[in-house]
Amino acid sequence: MPPNGIHEVHLNLNVRGLPMSATLAVNELSARLQSEGREIFRLGLGQSPFPVPPPVVEELRANAHQKDYLPVRGLPALQEAVAGYFERTQQLRFDPGGIIVGPGSKELMFLLQLVYYGDLVIPTPSWVSYEPQAHIIGRHVHWLPTRPDNDWLLTPEELHRLCEKDPTKPRIVILNYPNNPTGCSYREEQLRSLADTARQYRIILLSDEIYGELRFDGGHRSIARYYPEGTIISTGLSKWCGAGGWRLGTFAFPKELDWLANAMAVVASETFTATSAPIQYAAVRAFCGGMRIEDYLRQSRRILRSLGTGLHARLEAAGLQVTEPTGAFYLFPDFSPFREQLAARGIQTSDDLCRHLLVETGVAVLPGTAFGRPASELTVRMAYVDFDGARALAAAEQVAPHEELDQDFLEHHCPKIVTAADRIIDWLDGEGERPE
Ligand SMILES: Cc1ncc(COP(=O)(O)O)c(C=O)c1O
């Protein structure tokens with residue numbers, strides 16, 4: 001016991017021993033290798049490569065003087081802009097009062113789990129933070145299995161199998177599409193049947209649509225269209241607007257869930273108080289849309305589609321199992337076809353695989369374990385974002401809209417992604433760079 005008697009045994013039990021996130025571990029090793037002069041390909045961190053659209057930056061500049069605390073649920077003009085956005089893009093009507101703005105959607109997810117006393121149900125694989133948040137708060141977590149041959153999507157049958165055991169148990173189910181880590185999304189009929197099952201068991205559905213605008217074909221549909229009374233839509237500026245560091249997320253509640261929004265607002269008032277004022281003013285511009293934002297989104301999707309489909313084709317041709325992405329900026333390849341060769345190199349788990357890939361090729365990716373996959377499964381998440389997004393956007397504008405952005409474009413404007421794929425493929429052939 002240290003002399004002042006202040007000791008780590010007093011840490012909250014739910015937090016004690018919580019491991020460092022996989023992202024941080026990969027970042028630390030990457031930084032060390034880079035300081036030793038190695039070239040690192042940063043496919044680990046899921047950050048948008050694109051700059052914030054200029055009209056949104058202009059709005060932030062014009063509002064730098066905004067200094068007052070804003071209402072806890074958000075700037076009324078922003079609540080209206082977000083409601084207008086859902087009406088324009090999804091034909092969904094939200095009362096602006098049912099929109100809550102927070103410092104990132106992650107923070108709002110934490111508050112939701114804190115105020116609602118229910119189990120957390122998430123498909124595996126799922127984004128890295130849902131489960132630790134539930135753990136910190138002390139909620140039970142149920143992982144629901146998915147299959148790669150079904151694009152890792154949750155089926156109504158799996159949801160039904162869990163719920164029928166205890167039909168009235170309170171639950172929050174999180175659906176995320178386009179998905180982190182797989183890049184896959186649901187088709188309309190799949191959303192409709194999941195909505196039917198959710199309604200049958202009165203589930204609270206948190207629909208994490210933070211990558212919705214990055215569906216490559218621009219045709220994102222919210223499940224709230226089919227289960228409006230029980231769905232909360234989560235989105236924000238971090239991914240489609242390239243503004244992760246601005247920290248702005250938003251939840252849209254139907255009037256049936258007013259009581260939940262009210263409880264979240266009470267806790268928000270005792271924790272973050274309100275989201276940064278200048279950022280909220282700028283976000284109004286982002287959610288109101290318009291030609292310049294539409295053009296920015298069209299080019300962003302075009303670049304991501306070429307990268308995602310091109311990488312998918314190359315990795316598949318090299319023998320990896322990988323589902324074709326339809327949005328976001330992730331791929332989730334499975335290296336199991338190479339299990340024997342990899343075992344001979346001492347690689348048994350996805351953690352081993354990531355460490356070896358980073359040290360032997362310089363390519364940083366995250367292990368499937370970080371997304372709730374079994375340790376022995378050789379899956380990794382590749383975030384294909386290590387390129388200069390501003391340059392790539394400017395170059396894409398010069399290519400006629402009906403033309404594909406071809407391999408030549410990718411080699412010129414996303415060279416590190418192309419080289420990272422080359423290195424992984426060579427490494428699988430046993431030709432990888434070896435540590436000195
Ligand atoms: C699936 C998913 N949901 C939510 C978030 C959190 O976004 P933010 O807190 O920046 O709004 C992320 C960020 O990586 C994500 O990938």
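Let's start with T361, which is buried, with a relative accessible area of 1%; buried here means under 20% relative accessible area, exposed means over 50%, and partly exposed is in between, using a 1.4 Å probe and protein chains only. T361 sits in helix α12, residues 350-361. Helices are DSSP runs of H or I with at least four residues, strands are runs of E with at least two, and both are numbered from the N terminus.

A word on the model itself: it is predicted, so local features need pLDDT of at least 70 and side-chain atom pairs count only at pLDDT 80 or more, while totals for chains, interfaces and linings use all residues. Residues are numbered from 1 along each chain as its sequence is written, and side-chain values use heavy atoms, leaving out hydrogens and water.

Back to T361, then. What does the side chain of T361 reach at 3.1 Å? That is the backbone nitrogen of V363. A polar atom of the T361 side chain also lies 2.5 Å from the backbone oxygen of L357.

Next, please find A286 in helix α9, residues 277-288. A286 is buried, at a relative accessible area of 2%. Leaving aside neighbours within four places in sequence, A286 is in contact (heavy atoms within 4.5 Å) with V56, L237, W240, C241 and I293. For a sense of distance, S234 is 52 residues from A286 in sequence, and their C-alpha atoms are 16 Å apart in space.

One of those partners of A286, C241, takes us to the cysteines. How many disulfides does the structure hold? The count is 0, where a disulfide is a pair of cysteine sulfur atoms within 2.5 Å. C241 is in no disulfide, and the nearest cysteine sulfur, from C288, is 12 Å away. C241 is buried, with a relative accessible area of 0%. C163 is buried too, and its relative accessible area is 0%.

Now for some backbone geometry. Have a look at the loop between β5 (171-176) and α7 (188-200), where you will find P178. The peptide bond from Y177 to P178 is cis, with omega near -15°. P181 is placed in the loop between β5 and α7 as well, and a cis peptide bond joins N180 to P181, with omega about 25°.

Then there are positive phi values in residues other than glycine. W152 has phi near 60° and is found in the loop between β4 (141-144) and α6 (156-163). R247 also has phi near 60°, and its place is the loop between β7 (231-236) and β8 (249-252). Are these residues buried or partly exposed? W152 is buried, with a relative accessible area of 6%, whereas R247 is partly exposed, at 34%.

Let me finish with a helix pair. The axes of α10 (residues 291-317) and α15 (residues 415-428) come within 11 Å and cross at roughly 15°. Those axes are lines fitted to C-alpha atoms, for helices over the stretch in contact, with angles running from 0 to 180 degrees between N-to-C directions. So α10 and α15 are roughly parallel to each other; that label covers angles under 35 degrees, with over 145 counted as roughly antiparallel, 65 to 115 as roughly perpendicular and the rest as oblique. On the α10 side, L307, L311, R314 and L315 meet I417, V418, A421, D422 and I425 of α15.

Methods: A polar contact is a pair of N or O atoms within 3.5 Å; within protein, one must be able to donate a hydrogen and the other to accept it, and residues adjacent in sequence count only if both atoms are side-chain atoms.
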